[in-house]
Amino acid sequence: MRGNLDRFVDTFLNTKVMLKYLPDILSGVVVTIELALLIVVTGIAAGLALALLRSLGIRPLNWLIIGIVDLFRSLPPLVVIVLIYFGLPSVDLSPSGFVSTWLSLALVLMAFAEEIFWAGITSVAKGQWEAARSTGLSFGQTLMNVVLPQAFRLTIPPLTNRTIAITKGTALGTVVAVTEILGQASSAMSNSYNPSPLMMGAAAYIVLFFPVVVAARWVETKFAWKR
Amino acid sequence: MNRPIVDARGLHKHFGALHVLKGVDLRVAERELVFVIGPSGSGKSTLLRCLNRLEEPSSGSVVVDGIDMLDPRTDINHARQRIGMVFQSFNLYPHMTALGNVTLALRKVAGKSRASADALGKAALERVGLADRAGHTPGQLSGGQQQRVAIARAVALEPRVMLFDEPTSALDPELVGSVLEVMRSLRESGMTMIVVSHEMGFARNAADRVVFMDEGAIVEQGPPAMIFEHPAQERTRTFIGQIQRH
Amino acid sequence: MIQTFFNLEIIAASWPIVLAGLRNTVLLSLLVVPLGLVGGLILALLASVKYPVVRWPLMAWVDFFRAFPPLVLLILLFAGLPFAGLELGGFVCVAVAFFLNTGAYYGEILRAGIDSVPAGQVEAARSTGLSRLQAMAYVVLPQAVRNVLPDLLSNTLEVVKLTSLGSVVAVPELLYQARQAQSITYNPTPIVVAAIVYFLMLWPVVRLLSRLENRALAGRY
């Protein structure tokens with residue numbers, strides 16, 4: 001019994017191997033965080049921009065927006081990454097693995113964020129628009145001061161959930177040789193022929209994302225709307 | 001009285017630090033209609049819910065139709081078929097028709113076949129005057145109709161006693177009458193009923209006994225004429241006075 | 001550009017491989033969606049027990065598997081377990097990883113659904129003699145599922161998209177086959193074809209979801 005436990009620890013939690021590759025994993029953490037932050041900022045900003053454009057009510061523009069949004073809601077993120085990384089070189093564009101992953105996940109987040117923002121905007125009752133406009137506020141002022149603050153409350157819970165789900169996709173960057181956590185852990189694992197780096201990588205992901213998920217749960221209850 | 005059909009003794013109920021029932025005894029004879037009145041927070045609903053163990057008493061005993069409701073060995077689901085309950089907020093199942101609501105327990109607890117359950121269900125709906133609405137869902141029924149379906153749901157299991165927890169408090173005034181009608185006819189058919197309600201007119205005409213509760217204890221009980229006209233206790237007098245002012 | 005991305009010859013040549021991939025994606029989905037739902041249902045039912053002793057570890061489990069990227073879990077099972085002497089095939093690893101990951105998500109959704117059913121429903125059911133299990137099965141769950149149907153649908157969509165992860169552990173689903181074809185022909189057309197297939201397959205669900213969500217919102221005001 002003792003022997004088995006020792007063997008397990010020696011294999012999966014080998015301190016020597018873990019210490020050796022700790023710097024690699026940590027640099028992977030930095031890359032993961034960079035990637036995640038880029039995705040979140042650009043994805044949400046783009047999604048908000050699309051939702052605001054949609055609120056202008058220009059028919060052909062709306063169809064285009066809906067088309068784009070539907071596209072990136074239907075495609076698996078990994079497919080988008082592969083398409084960009086392996087496809088674009090054929091038209092003389094060679095995005096790096098990092099850029100491909102960032103672009104793909106940002107586009108996917110943009111699509112979901114647009115839907116969530118749009119749902120928030122449309123759910124603010126028409127009466128609010130009418131009241132504000134009737135007091136002389138312009139379209140832009142109404143949007144900024146009356147509608148968006150109310151829409152905000154509704155969008156926080158689904159938005160945080162969706163953002164977390166998508167940023168976990170940074171792990172997909174491994175497939176296109178991005179040196180984020182999983183990528184580093186995988187190479188370390190094959191180089192040392194020992195799975196301990198992978199355990200470290202898994203632990204790194206948990207340390208990064210578990211608090212975020214718990215915080216999101218707290219945020220959800222705070223912004224929960226009364227039925 | 002001869003062996004009471006409901007025999008509750010020394011009921012205490014604590015909700016955390018709150019002592020809601022303070023040693024309540026209640027004995028109800030067969031075919032009796034007992035009306036329970038009192039200010040909100042007096043423990044009336046809690047008392048009722050202890051009788052079919054929807055609320056777990058902190059101490060005391062409850063025996064209904066010879067079954068010890070608090071004994072862990074009692075098959076509580078089987079026992080509950082003998083006690084019908086009607087709620088203030090109806091609690092009809094929105095995803096089923098009126099007939100579906102009435103027959104669910106018949107099929108799953110009493111083990112009746114679908115055909116037999118449907119027949120019994122239709123008969124129960126007939127009894128409350130809603131046989132023609134058997135196929136309607138609760139959303140398509142008025143409040144009074146929903147409550148009558150809820151009564152049919154309880155009655156269909158042929159209970160020995162029925163508990164009513166403020167059955168008309170959530171209804172618009174013009175719909176109250178239809179529900180009271182059904183309750184009156186139930187009484188006439190000999191059902192034992194314990195009713196928590198503010199409908200004093202109904203109490204005056206139909207109740208055998210009125211029980212006045214305040215702050216978790218029974219203050220006074222007796223025939224409606226006595227309680228409403230010559231209550232013995234000061235607190236009863238105050239309460240009756242407040243009610244009659246409305 | 002057409003020659004690059006929509007090369008007809010290559011489409012014709014790689015079509016059988018891609019089709020086989022599509023078949024496997026569908027089969028995989030038909031396996032993992034029910035698996036996830038069952039896992040979620042178990043979690044949600046466990047969570048409906050009132051004791052905080054049970055609820056807290058359950059929430060920790062759910063949050064753990066919502067925080068853990070599915071690909072990492074998959075790689076851990078596929079490349080890590082062999083070191084413990086356990087060589088599960090890519091397919092089994094996908095099944096286990098998905099059961100754990102999507103089970104947590106479905107569990108959250110179903111738990112919220114069950115919580116949304118008013119307590120009076122259970123009381124009424126129990127007062128007519130229905131057992132706790134019967135009340136859950138006939139009264140609570142039908143209403144719970146109805147209440148969270150858009151979320152369930154949305155998550156199912158995500159699960160189907162997630163099957164593309166199988167390509168990383170050599171499960172011959174659609175993306176894997178497309179990438180194989182691409183590396184053989186040195187042409188990205190098969191991947192474009194796979195993307196189009198995914199789109200055609202999933203877009204109707206996306207549209208349906210949009211409509212459901214909008215209708216739910218209209219009801220709120």
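## Antiparallel sheet of chain B

In this predicted model, four strands of chain B form an open sheet in the order β2-β1-β4-β5, with antiparallel pairing. Strands β2 (18–28) and β5 (67–68) of chain B stand at the edges with a single partner strand each, so one side of each is left without a neighbour in the sheet. Strands here are DSSP runs of E of at least two residues, helices are runs of H or I of at least four residues, and both are numbered from the N terminus; two strands pair if DSSP finds at least two bridges between them.

Strand β1 (residues 6–15) of chain B is joined to β2(B) by eight bridges, and the two run antiparallel. Within this pairing, B:D7 has B:R27 of β2(B) as its bridge partner.

## Basis of the values

Residues are numbered from 1 along each chain as its sequence is written, and chains are lettered from A and ligands numbered from 1 in the order in which they are written. Local features of the predicted model need pLDDT of at least 70, side-chain atom pairs count only at pLDDT 80 or more, totals for chains, interfaces and linings use all residues, and side-chain values use heavy atoms, with hydrogens and water left out.

## Salt bridges within chain B

Over all chains, the whole structure contains 29 salt bridges, a salt bridge being a side-chain nitrogen of Lys or Arg within 4 Å of a carboxyl oxygen of Asp or Glu. One of them joins the side chains of B:D65 and B:R82, with an N to O distance of 2.8 Å. This pair links distant parts of the chain, 17 residues apart: B:D65 lies in the loop between β4 (59–64) and β5 of chain B, and B:R82 in the loop between α2 (76–80) and β6 (83–86) of chain B. B:D65 is buried at 12% relative accessibility, whereas B:R82 is partly exposed at 28% (buried, under 20% relative accessible area; exposed, over 50%; partly exposed, in between; 1.4 Å probe, protein chains only).

A salt bridge also connects B:E181 with B:R184, whose closest N and O atoms are 3.1 Å apart. Both residues lie in helix α6 (residues 173–188) of chain B, three residues apart, or about one turn of the helix. B:E181 is partly exposed at 46% relative accessibility, and B:R184 is partly exposed at 28%.

In chain C, the side chains of C:E108 and C:R111 meet in a salt bridge of 3.2 Å, N to O. The two are three residues apart in helix α5 (residues 90–115) of chain C, about one helical turn. C:E108 is buried at 12% relative accessibility, and C:R111 is buried at 16%. Through salt bridges that share partners, A:R217, C:R55, C:D63, C:R66, C:E108, C:R111 and C:D115 are joined into one network.

## Interface of chains C and B

The contact (heavy atoms within 4.5 Å) takes 17 residues from chain C and 22 residues from chain B. About 1600 Å² is buried between the two chains, of which carbon and sulfur atoms give 57%; buried area is the accessible area (1.4 Å probe) that two parts lose on being put together, summed over both.

One salt bridge is found across this interface: the side chains of C:E123 and B:R49 meet at 2.6 Å, N to O. On the side of chain C that touches chain B, α6 (119–127) and α7 (132–147) of chain C each supply at least two residues. Helix α6(C) gives the most to that side, with seven residues.
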